[in-house]
Amino acid sequence: MKRLMFGLMAAAVMSVCFAGAEVKESATTLVKDALASWVEKGELPGAISVLYNNGVQEIACVGYANVEQKRPITMDDAFMQCSQTKGFCGVTVAKLVEEGKLNLDDPVSKYLPEFKTLWVKGPEVNGVRTLVKANNVLTIRMCLNHTGGFPFETSAKQPGVKGGGWSGGAPLRPNAAVAAASPLLFEPGTKVQYSNTGIDIAATVVEVVTGKKWEDYLKETVLDPLGMKSTWFWPTDEQLKTQIEMYDCRKDQPAKWRLQNDQQQRPYNDGHVFASAGAGLWTTASDQLKFYKMLMNLGEGENGVRILKEETVKSILAVSTRPKGLGGYSLGLSAPEVDNEDQWFGHGGAWGTNCLVNWHRKQLKLWVVQLCGGPRPWEKARDEAANEFFKAAIDNSAVEAYTGRVK
């Protein structure tokens, strides 16, 4: 019991001293070992795993960023994080809420007048689709937690069309106008429909409030302060030389290289690319780690720079903002309906990336791949290895590092 209590005290000290503290690299290779067989067979081309627990960190870079070139995957290779972009929009809105410049329950029409009168798809009668005037007021909160009634994308950003997809089609404000003129799928605030459109509308509100392009406000208030120099909507030609290539998963066969996905089309940095808050932000594992460690540490970056107040993260990012019974989601982030020490929050991306954090226990698990389709048989082994890491770190690493004792 004394040993357990001392271990808990040690973990508490490490949590308080997180920002700016030295990170101890784990001696384990749990995830690397767990993935080895799939990498050898080529089913898993390459992947990055980062596990963090109270100052102890395990990094595994396995396989290749480009199989044909035999170029090893690294923490500094650029990749598309897709829907993980949504959390960045959530943070920018949270900053404005914190500063009293907007309220989550403000009507969107307060900032974008075209949303004052909205129409909802009604029943189909004799082959004729009817529209019904929306009764509920669309709020910023609804846009960010996928209860606004919007489709995944507007007609301006359809995949398959040259230059379309979430990184093409239209800038934020014109896209919001298209959304306002299109019928909603259901009454705002009553159901859930995962939607890039709602997130993009929230980013458009940020532009109105700040008088700046959303991406510029993001860079000024989040990316630059955290030192995220490799994260942007338009990767440089130099970055693209070392991008993590995209592959299709194939059952019991090596993964197959894919030129692109219709949702995010080459070239990746020309004039057809627009900033999208719902998806489209490029980054590196090194950079992404900075963002999620900031969330894990309740608004404070690993470099000691504070982006948000602790209470802001706890109240509107780490816990659901949806009506009860509609599942857990906050502001562009998957989050529990009820917060407790066992709960994680974060987000994934279309090509298999994911990062989740637990602020109570100061834990993080980051996963980077660029894969389309399935199956992905290695995921169970990866998860088991991660669980073993957190168990080992809780039971041994934190206590031994603090006390200096050796078994």
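1. Aromatic pairs come up 13 times in a search of the whole structure; the criterion is that ring centres of Phe, Tyr and Trp (its six-membered ring) lie within 6.5 Å, with planes under 30 degrees apart called stacked, over 60 edge-to-face and the rest tilted. Phenylalanine 152 and tryptophan 166 make an edge-to-face pair, at 6.2 Å centre to centre and 80 degrees between the planes. Both residues sit in the loop between H4 and H5, 14 residues apart. Helices here (H or I, at least four residues) and strands (E, at least two) are DSSP runs, numbered from the N terminus.

2. Before going on, the ground rules. This is a predicted model, in which local features need pLDDT of at least 70 and side-chain atom pairs count only at pLDDT 80 or more, while totals for chains, interfaces and linings use all residues. Residues are numbered from 1 along each chain as its sequence is written, and side-chain values use heavy atoms, with hydrogens and water left out.

3. The cut-offs are under 20% relative accessible area for buried, over 50% for exposed and partly exposed in between (1.4 Å probe, protein chains only). Ring pairs also join Phe152 and Trp166 with Tyr194 and Trp351 in a cluster.

4. How confident is the predictor? The average pLDDT (the predictor's confidence in each residue, from 0 to 100) is 92 for the chain, and 92% of the residues score at least 70. Residues 1-19 stay under 50, and the model has 28 contacts for them beyond four places in sequence; a contact means heavy atoms within 4.5 Å. The pLDDT is also below 50 over residues 396-407, a stretch with 21 contacts beyond near neighbours in sequence. Where pLDDT is low, the predicted coordinates should not be read in detail.

5. Salt bridges next: the structure holds 19, each defined as a side-chain nitrogen of Lys or Arg within 4 Å of a carboxyl oxygen of Asp or Glu. Take aspartate 200 and lysine 157, whose side chains meet at 3.4 Å, N to O. This pair links distant parts of the chain, with aspartate 200 in helix H6 (residues 196-210) and lysine 157 in the loop between helix H4 (140-144) and helix H5 (172-181), 43 residues apart. Both aspartate 200 and lysine 157 are buried.

6. Glutamate 43 pairs with lysine 41, the closest N and O atoms being 3.5 Å apart; glutamate 43 is buried at 7% relative accessible area, but lysine 41 is partly exposed at 46%. Likewise, arginine 382 and aspartate 383 meet at 3.1 Å, N to O, with arginine 382 buried at 15% and aspartate 383 partly exposed at 37%. Elsewhere, Glu341, Asp342 and Arg361 are linked in a network of salt bridges.

7. Helix H9 (residues 285-296) spans 16 Å over 12 residues, close to the 16 Å expected. Why call H9 largely enclosed by the rest of the structure? Because 10 of its 12 residues are buried; among them are Leu289, Phe291 and Tyr292. H9 is followed by leucine 298, whose phi is positive, near 55 degrees.

8. Last, alanine 156 is in the loop between H4 and H5 and is partly exposed at 25%. Not counting residues up to four places away in sequence, alanine 156 touches Gly169, Ala170, Asn175 and Val178. The C-alpha atoms of alanine 156 and glutamate 311 are separated by 38 Å, the two being 155 residues apart along the chain.

How values were computed
Expected span 1.5 Å × (residues − 1).
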